[in-house]
Amino acid sequence: MSIRSSRRKFLQTTLTGGVIAGAISAVPALQSFRTNEQPAGYPLPPTPLDQTPLPYGYAALEPSIDAKTMEIHYTKHAAAYSKAVKEAVEAESAAKGLTLEAILAKVSGFTPKMRNNGGGHYNHELFWKVMGPGTSQLAAGKLRNAVEGSFGSMDQFKSKLSEAAMTRFGSGWAWLYVDGDKKLQIGSTPNQDNPLMDVSTIKGVPLLGIDVWEHAYYLKYQNKRADYVTSWFNIINWDFVQKRYDALV
Ligand SMILES: [Fe+2]
């Protein structure tokens, strides 16, 4: 079987849930990968190194996020991470043939350029997709049950994620993620780190993340990060997050 067909077969199998039972528990431990394979416990397709098109217009998330912020964020900040991670992959031979997720899982063995920009690119590609126009609610089902079981209620979930976003000093991200025991967790990481990284103090697979770098909100909210975080809950694309959760557990 060729590498390409092997990879396709792997993704088809894992996306249908065939081989993921128990695998997520190995997220922090399994750090060696064959070419083009995802880390154990990450049964989702690789994130391309090129930016994927924004799935909505720059103004679509108003009033929570203004159009100018979205345009600059996507076309300048996020574009720069994509460009730089491609340069890093080209320059660092250990990255040859690895998916972005496989690189992040052992990012301690790469340069700071790879860590900062690989994380930055992964985080933003996820960020655009966990948001969407309009106000969506998390429908009854497996994820809602897990959120309520883990945090008590949707309000308590929002409160806990807000606290993680507010207490992240300086630049970083707050996450809802699935840990090695398949439990929902909330936490935050500095700079462009994320829970996939071996250098991260919180480990697992991100379900959703909120960007709390000032570039994500400063034009509209200035120093009022709390107002941005509160408004951000109105634009979560729960359908996307639900599908991601379904693939993981
Ligand atoms: Fe950002």
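Reader: Which helix gives the most to the lining of the largest pocket?
Author: This is a predicted model, where local features need pLDDT of at least 70, side-chain atom pairs count only at pLDDT 80 or more, and totals for chains, interfaces and linings use all residues. A pocket is an open set of points on a 1 Å grid over the protein atoms where a 1.4 Å probe fits, with protein on both sides within 12 Å along at least five of seven lines; lining residues have an atom within 4 Å of a point. Two helices, helix 4 (112-129) and helix 9 (238-248), each supply at least two lining residues. The top contributor, with 4 residues, is helix 4.

Reader: Between which domains does the largest pocket lie?
Author: Look at who supplies the lining. Two domains, bounded by an automatic or database assignment, both give residues to the lining. The pocket therefore lies between domain 1 (67-129) and domain 2 (142-248).

Reader: What volume does the largest pocket have?
Author: Volume here is the space filled by probe spheres set on the grid points. For the largest pocket that comes to about 280 Å³.

Reader: Which residues of its lining are the closest to the centre of the largest pocket?
Author: The lining holds 14 residues. The closest to the centre are Pro-45, Thr-47, Lys-129, Phe-240 and Arg-244.

Reader: Which residues coordinate the iron ion?
Author: Donors are N, O and S atoms within 2.8 Å of the metal (3.2 Å for Na, K and Ca). Here the distances run from 1.9 to 2.1 Å. In sequence, the donor residues follow the spacing H-x50-H-x86-D-x3-H. They are His-73 (NE2), His-124 (NE2), Asp-211 (OD) and His-215 (NE2).

Reader: How many residues apart in sequence are the parts that His-73 and His-215 tie together?
Author: His-73 lies in helix 2 (67-91). His-215 lies in the loop between strand 3 (205-211) and helix 7 (218-221). The pair therefore ties together parts whose separation in sequence is 142 residues.

Reader: Is His-73 buried or exposed?
Author: Relative accessible area decides, using a 1.4 Å probe: under 20% is buried, over 50% exposed, in between partly exposed. His-215 is buried. His-73, too, is buried.

Reader: How many helices and strands does the protein have?
Author: Helices (H or I, at least four residues) and strands (E, at least two) are DSSP runs. From the N terminus the order is α-α-α-α-α-α-β-β-β-α-α-α. The total is 9 helices and 3 strands.

Reader: What relative accessible area does Pro-46 have?
Author: Pro-46 sits in the loop between helix 1 (3-15) and helix 2. Its C-alpha is 8.6 Å from that of Asn-36, 10 residues away along the chain. Pro-46 is buried because its relative accessible area is 19%.

Reader: What is the phi of Lys-182 near?
Author: Lys-182 is in the loop between strand 1 (172-178) and strand 2 (184-190). It is partly exposed, at 30% relative accessible area. Its phi is positive, though Lys-182 is not a glycine, and is near 65 degrees.

Reader: What positive phi does Asn-191 have?
Author: Asn-191 belongs to the loop between strand 2 and strand 3. With a relative accessible area of 41%, Asn-191 is partly exposed. Asn-191 is not a glycine, yet its phi is about 55 degrees.

Reader: What share of the 249 residues do buried residues make up?
Author: Residues are numbered from 1 along each chain as its sequence is written, and side-chain values use heavy atoms, leaving out hydrogens and water. Across the protein, the buried share is 50%.
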